[in-house]
Amino acid sequence: MTDKACVIDIKAVDKKYKIKKSKKKGPFKRPLYEDFYALKNINLKIRQGERVGIIGKNGAGKSTLLKLLARITEPSSGRIEIGGKLSAMLEVGTGFNAELTGRENVYLNGAILGMKKSEIDRKFDQIADFSEIGPFIDMPVKRYSSGMYVRLAFAVASHLEPDILILDEVFAVGDQKFRQKCLDRINEILQGDKTILCVSHQMDLIRELCDRVIVLDRGKIVYDGDTESAIEFYGKNQTQNSKAFFDLTEAARPSFLRQKALMESLEIKNRNEFMGGKDNILSFEISLKALEDLADVKLRLMVRYYDDTKAGFAQLSRGLNIKEGQTVKQNLTFDTSSLFPGKYIAGLALFSSDSTGKAEHFDYIREAFSFEIPEDGQADKSISYSHRDWGHVFLGELESR
Amino acid sequence: MQKIIIEAGGKNTRYFRDLWNYRTLAFNFAKRDITVRYKQTAIGIGWALIGPLLNMAVMSFIFGKLAGLPADGGAPYSIMVYSGLIAWNLFARTLTVSAATFSSNADLMKKVYFPRLAAPLGQTAAILADSLISLLLLFLLYAITGYKPPYSRLIFCLPALLLPFLLGFFAGIFLAPSTIRRRDLNHALPFLLQVGQYLSPVVYSFSLISTGFSGKAFWLYTLNPMTGAINTFKWCLIGDLDFHLPSFLISLAWIGLLIPLGLSRFRKAEKDFVDLV
């Protein structure tokens, strides 16, 4: 591999953003800013034909790195050399216009991705074929189902002929069958010594596409090696950061949320016993503050495995009544005995629902805290917990009668 | 193999070659704008005609009939107003669209690289196409009013349209970086342009100014880049008008000034505007 030409050479690249430190005081006053490094001193060489995956937590700098390579923004310092034609699929369907027909959008989107008219003319039939849109190709895309929309968008993007292909979570949508078709198509593109750079939270996708994986953490490369060892490193690295106290006031909320309550903090009470495997009941205290008078407030705990696949949920269905401005500390326990060993991320939702099933969310945090179910020391070592194949939940011992 | 070098504050020496390679994109932006603008309308592209036509009717009535202002060179008032409006609308719309290009295309620019100038180029080309359609209607007006246009210089109206177009485009991309962080300018522009329309010989004749004002006031008026642009355009379409060379040269000088200013300001902003929106 080392004798191949180097197609991407990143030297000492920093990317600095300015983060607002204080609210602006008047209409013409400038707010105070402080520097935030999304990427710090990145050095990376990628040779022709390598299939490189980039993994890391949200905010680790993965997408920023891809954006620099795709020339959407430029580095604050350092130098990047790219040898060859580079195409980026950061989001399929970018620039699609709902009013235009499928055919018109193929031309528009093709041009946005850098294709020439003659090239689109030549590939149009292939693209239409691949998308399985059939006669709907001459209908406005606003009448498409979301599946058709994604298929057409991917079809255009996948008919680029780059030397280097950049993918950013493009498989988040689409049904299983089409997803496989996309993967096959990407493997087809990659024939003939093409290079790929791929960001994903889906480890199975990384396993399937990549032969080298880079782990990013807070803007730095912390691991660079073969796929399996990198994924293992990433998983371990995640668990080392396990904390007992989580400040939730600054946690990310969805933008559409109309917050009526604030989940302030969460503390795992029995962290040491739990992590040591002595206790499989997770006991925690959550502190909530109501911003309005709230009645019948329920709490849902949504559990996902660290690779972002859903595991299940737990719920406090007995509603709480909280007065405006009042802070409530609630002690809760969560039985984790059915979860496979591994690292989990939990989200929290405060909501109320009426008899028709309509729910209103008062507060919602997708990633509130994390915990780890340790490997059971007594367990049969010949069984490895295959999260990918079996899911994350153990439904119990089979009884013989 | 081509080698792309990305550096902090680096000069992209191949910018214009890149832009040329993305001509398909600019063309598709134009096509998109034209197609989408008149989708789901009964008379389609007819709306490109009705707007200026109604405007012309109102203006001719108020300024020509009620106020009794004289038209240029003995032409019907409607023809003078209409030709003024074609040039002014082209300028105003080109400026508005290219000044707002970063915010109106932000979603796209955050996801894909292309030379950012391709967006305003394509979008304003669509406006130029609208102007050409409105120009066709002018010939219908000639027929209806029975006015004999100056056939020998009629053809020059096409290059003359470039004056308002280039002024609008380069002033627009010069202002575009100011609309990234704060959108105030996007709201202020319509008012400023409305005032500007009355400070340019659009709905009244230039002779009204050249005879009514003298000395400093007249020269101040002529310094307005659109004065020369509209004068020149009207000169191509209306006979018995003298070519006003000073205002034409002033317009050219403005274009010569705005091209380097606009390009350098736009290209400086396009590099990292994605981080600011």
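## Terms and basis

A crossing of two helices is left-handed if the near helix is turned anticlockwise from the far one by less than a right angle, and right-handed if clockwise. Helices (H or I, at least four residues) and strands (E, at least two) are DSSP runs, numbered from the N terminus.

This is a predicted model, in which local features need pLDDT of at least 70 and side-chain atom pairs count only at pLDDT 80 or more, while totals for chains, interfaces and linings use all residues. Residues are numbered from 1 along each chain as its sequence is written, chains are lettered from A and ligands numbered from 1 in the order in which they are written, and side-chain values use heavy atoms, without hydrogens and water.

## Chain B overall

Chain B contains 14 helices and one strand. Its radius of gyration (over C-alpha atoms) is 20 Å, close to the 19 Å that the globule rule (2.2 Å times the number of residues to the power 0.38) gives for 277 residues, so chain B is as compact as a globular protein of that length. The C-alpha trace of chain B spans about 65 × 50 × 35 Å along its principal axes.

## Helices α3 and α7 of chain B

Helix α3(B) covers residues 47–66 and helix α7(B) residues 118–145; their axes come within 9 Å and cross at roughly 55 degrees. Axes are lines fitted to C-alpha atoms, for helices over the stretch in contact, and angles run from 0 to 180 degrees between N-to-C directions. The two helices are therefore oblique to each other (under 35 degrees is roughly parallel, over 145 roughly antiparallel, 65 to 115 roughly perpendicular, the rest oblique).

The crossing of α3(B) and α7(B) is right-handed. In the contact (heavy atoms within 4.5 Å), B:A48, B:L49, B:P52, B:L53 and B:M56 of α3(B) meet B:D130, B:I133, B:S134, B:L137 and B:L141 of α7(B). These residues divide into eight nonpolar, one polar and one charged (Ala, Val, Leu, Ile, Met, Phe, Trp, Tyr, Cys and Pro count as nonpolar, Asp, Glu, Lys and Arg as charged, the others, Gly among them, as polar).

## Helices α9 and α13 of chain B

The axes of α9(B) (157–175) and α13(B) (225–237) come within 9 Å and cross at roughly 165 degrees, which makes the pair roughly antiparallel. Their crossing is left-handed. The contact residues include B:L161 and B:L167 of α9(B) and B:F233 of α13(B); the contact counts 12 nonpolar, one polar and no charged residues.

## A sheet in chain A

Four strands of chain A form an open sheet with antiparallel pairing, in the order β14-β13-β16-β17. Strands pair if DSSP finds at least two bridges between them. β14 (310–322) and β17 (359–373) stand at the edges with a single partner strand each, so one side of each has no neighbour in the sheet.

Strand β13(A) (294–305) pairs with β14(A) over eight bridges, and A:R300 has A:Q315 in β14(A) as its bridge partner.
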